[in-house]
Amino acid sequence: MQRESAIREPLILGHKTYKDITDDVVGPITGPAHIGWKILITISSIIALYGVGCILYLLGTGIGVWGLNKTVGWAWDITNFVWWVGIGHAGTLISAVLLLFRQKWRMAINRSAEAMTIFAVIMAAVFPGIHMGRIWVSYWVLPLPNQFGSLWVNFNSPLLWDVFAISTYFSVSLVFWYIGLIPDFATIRDRVVKPLPKKIYSILSFGWSGRAKHWTRFEEVSLVLAGIATPLVFSVHSIVSMDFATSVIPGWHTTIFPPYFVSGAVFSGFAMVQTLMLIMRKAYKLEAYIHVKHVEYMNIVIIVTGSIVGVAYLTELFISWYSGVEYESYAFINRFSGPYSVAYWTMMTCNVISPQLFWFKKIRRSLIATFILSIVVNIGMWFERYVIIVTSLHRDYLPSSWGEFYPTAIDIGIFIGTIGIFSTLFLMFTRFFPVLALNELKTILKSSGESYKNQLDK
Amino acid sequence: MNKVFHVMYDDDDKLMEAARELVGKGVHVNEVYSPFPIHGIDPIIGVKRTRLAIASFMYAMTGMSLAILGMWYFMISDWPMNIGGKPSFSLFENIPSFIPVTFEFSVLCGAHGMAITYLLRNGTLPGMPASNPDPRTTDDKFVMEITTSTNSLNAKKLEAAIKKTALLELSIKDVK
């Protein structure tokens, strides 16, 4: 049996048994829905429907309903895309990278963080799709034989790399998540009594029986998937950053972008995980499994990635001056003093200063402070993408074509709508899916559970 | 008439101890059903290491070859284009910009190929019936399955050996 140092804080508080873990997670699924859940899902579905309405209006009318113009041809659409993809990265980081590093605290949060990844990537994929305007020809991004030549897609373009990166990322994350879910669905299947849920969970659990050989394979598959998902998650956001970095627009054309975007993604993703987990642990009474220590660990990741992002901002600023390229310097002077300076300073405050507060142990271990700061970070990260995209585009080489971007109601509606769709999906997940990885948590109960650790000391 | 013993334990360490004891007496343990992976049980009951990782590597290599072959055909052979003064007339010159898609496609094939192989080898597919002997084995109980057909000991001796372990319940069924 694996042992753990007694001075390490336990990961599972209280005197839990294997049965308690099952009951705590499966109980809310088999029981009736909570009134708070019903209220939240009603609100989020209304917002989601409004978003769907805006999307349908856009598809029927054309992307002229957005505030885009000939100068700023990319604005909220790509901002939202990058923001959502970035949020998704935390889930894969938690489940894959932390698995490779054998971090046991990930087990309390990986299931819901992966769910968040999948829903966030779906939201991200909406934007390039609808940005095409004619979504019915979106299959043109695939290298399919056609009647134009055949004229193939351009494999030299980062936008096409994105198509492959995002679709691979989405499908691999989905498979990773589902393979972990199968044994937990089996647990629910063997506990529900009503015939219809039993039937549904029995289909979802694929007839899992928990044989020794199957568990060996399960662990091998999890490990290998983690191994290949780790470079995948880095490659995805690097490719997203290359959408900008390979262009010749001042402010975009920088080699620092891939690592800067990846750490920014992890930063915003962890902030979103904090926001969701802090609500979820309260609503589903999971305080014994996701407690202050988990929050502290995540806050440490937020300090590290937030500081990398801060260093990247300052490096960019320095290099723009040091390069001696006047277009490059102007792009950055314009960022902090031009018409979008409010966005720039919001980004700086939220992303560079606010995470530094986590150096204080009191703040790092305070749930309320964490909740507030996690929302602040998410706002900051949205503004980061907005600043990078809009301020670089709105004033480039030719002053006669300078312009400004103002979002329309449809811009805002679609963005808010995706938050609604995301919340709806996540709420459905918490209601019907096991929100903690039961089978994984049970493996660490003896090494990291409070009552067992104390037994070892005696 | 062959008999199948389902021995239930309420703790993974108890089951492991019992398995070690029984195997030491020359008993063959057919199967173990548990709610989570019991680390260290595989060598005791003779479960071999899986080769899924090798399969995954081969799927990934297939994906890589297909990606390079495809991009060579689309961009070099079938319709070479001069994009921004960067002509695509040879694979060697173009390979750097093909790396991202090659990598993504290798991962795609490696991950999905392995996942499908895993599900097929396990026989866990949508709509398959569950075969765990007791519904509690997905919750907090651990069951060891021993059959007379795969053991040289007779039913009575097996039962006696099993009853010496720290078991919780024992169910004996006749099978053909």
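Q: Let's start with helix H1 (residues 12-24) of chain B: which strands does it lie across?

A: H1 lies across E1, E2 and strand E5 (142-147) of chain B, and runs at about 20° to E5(B). Helices (H or I, at least four residues) and strands (E, at least two) are DSSP runs numbered from the N terminus. Angles go from 0 to 180 degrees between N-to-C directions, with axes fitted as lines to C-alpha atoms, for helices over the stretch in contact. Contact means C-beta atoms, placed from the backbone, within 7 Å. Keep in mind that this is a predicted model, where local features need pLDDT of at least 70, side-chain atom pairs count only at pLDDT 80 or more, and totals for chains, interfaces and linings use all residues. Residues count from 1 along each chain as its sequence is written, while chains are lettered from A and ligands numbered from 1 in the order written.

Q: In what order do the strands of the chain B sheet come?

A: Strands pair when DSSP finds at least two bridges between them. Here four strands form an open sheet in chain B, ordered E2-E5-E1-E6, and the pairing is antiparallel. At the edges sit strand E2 (31-33) and E6 of chain B, each with pairing on one side only. From one strand to the next, the twist averages 20°.

Q: How many bridges join strand E1 (residues 2-9) of chain B to E6(B)?

A: Seven, and the two strands run antiparallel.

Q: Which domains does chain B have?

A: The bounds come from an automatic or database domain assignment. It gives domain 1 of chain B as 2-48 + 132-175, and domain 2 as 52-122. Their C-alpha centres lie 46 Å apart.

Q: On to chain A. How many helices and strands does chain A have?

A: Chain A has 16 helices and zero strands. Its C-alpha trace spans about 75 × 55 × 40 Å along the principal axes. Of the 458 residues in chain A, 51% are buried. Counting contacts with a separation of 6 or more in chain A, 83% are between residues 24 or more positions apart.

Q: Where are Arg102(A) and Phe206(A) found?

A: Both are in loops of chain A: Arg102(A) between helix H3 (76-100) and helix H4 (110-131), Phe206(A) between helix H6 (195-204) and helix H7 (212-245). Neither is a glycine, yet Arg102(A) has a positive phi of about 55°, and Phe206(A) has a positive phi of about 55°.

Q: Are these residues buried or exposed?

A: Arg102(A) is exposed, with 8 other C-beta atoms within 10 Å. Phe206(A) is buried, and its count is 23.

Methods. Contact = placed C-beta atoms within 7 Å. Buried ≥ 20, exposed ≤ 12 C-beta atoms within 10 Å, placed from the backbone.
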